[in-house]
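Hi everyone, thanks for coming. Please have a look at the model on the screen, and I'll walk you through it.

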Amino acid sequence: MFITYDLGTAAYLLVKGCKISNVYVNERKVYVFEFAGDKEKIRLLAIDYINSECARFDAQIKILKQMLR
């Protein structure tokens with residue numbers, strides 16, 4: 001099982017065909033996304049996301065949201 005707390009990473013993994021097994025909000029009010037399957041394979045896909053333009057796009061979305069507060 002692979003776990004991430006990042007919405008962008010979770011969305012990227014879904015696009016790449018990973019199967020989500022559970023989603024919930026933990027006691028600290030943080031989203032938790034659990035993926036079933038080969039943990040190492042999913043971890044490598046998560047690293048691909050971090051190095052992708054998708055991650056940079058998501059970072060800019062977060063910045064724009066902060067500017068609107």
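Let me start with how I talk about helix axes: an axis is a line fitted to C-alpha atoms, for helices over the stretch in contact, and angles run from 0 to 180 degrees between N-to-C directions. Helices (H or I, at least four residues) and strands (E, at least two) are DSSP runs, numbered from the N terminus.

A word on the source. This is a predicted model, where local features need pLDDT of at least 70, side-chain atom pairs count only at pLDDT 80 or more, and totals for chains, interfaces and linings use all residues. Residues are numbered from 1 along each chain as its sequence is written, and side-chain values use heavy atoms, with hydrogens and water left out.

Now the overall picture. The chain has three helices and three strands, and along the sequence they come in the pattern β-α-β-β-α-α. The C-alpha trace spans about 40 × 30 × 15 Å along its principal axes. Of the 69 residues in the chain, 28% are buried, and by buried I mean under 20% relative accessible area, with exposed over 50% and partly exposed in between (1.4 Å probe, protein chains only). A contact means heavy atoms within 4.5 Å. Taking contacts between residues at least 6 apart in sequence, 57% join residues at least 24 apart.

Let's zoom in on two helices. How do α1 and α2 cross? Their axes come within 9 Å and cross at roughly 115°. The crossing is right-handed; the rule is that a crossing is left-handed if the near helix is turned anticlockwise from the far one by less than a right angle, and right-handed if clockwise. On the α1 side, the contact is made by Gly8, Thr9, Tyr12 and Leu13, and on the α2 side by Ile42, Leu45, Ala46, Asp48 and Tyr49. By class, that gives six nonpolar, two polar and one charged residues. Here Ala, Val, Leu, Ile, Met, Phe, Trp, Tyr, Cys and Pro count as nonpolar, Asp, Glu, Lys and Arg as charged, and the others, Gly among them, as polar.

The structure holds two aromatic pairs, where rings of Phe, Tyr and Trp (its six-membered ring) pair if their centres lie within 6.5 Å; planes under 30 degrees apart count as stacked, over 60 as edge-to-face and the rest as tilted. The ring centres of Tyr12 and Tyr49 are 5.2 Å apart and the planes sit at 45°, so this pair is tilted. Because Tyr12 lies in helix α1 (residues 7–15) and Tyr49 in helix α2 (residues 39–50), the pair ties together parts that are 37 residues apart in sequence. Both Tyr12 and Tyr49 are buried.

Ala55 is buried, at 16% relative accessible area. Setting aside neighbours within four places in sequence, Ala55 is in contact with Tyr49 and Ile50. The C-alpha atoms of Ala55 and Tyr12 are separated by 9.1 Å, although these residues are 43 apart along the chain.

What about disulfides? If we ask for a pair of cysteine sulfur atoms within 2.5 Å, the count is zero. Cys18 is in none, with the nearest cysteine sulfur, that of Cys54, 14 Å away. Cys18 is buried, at 11% relative accessibility, whereas Cys54 is partly exposed, at 39%.

Last stop: Lys29, in the loop between β2 (19–25) and β3 (31–36). Most residues other than glycine have a negative phi. Phi of Lys29, however, is near 65°, a positive value. Lys29 is exposed, with a relative accessible area of 70%.

That's my tour, and I'm happy to take questions!
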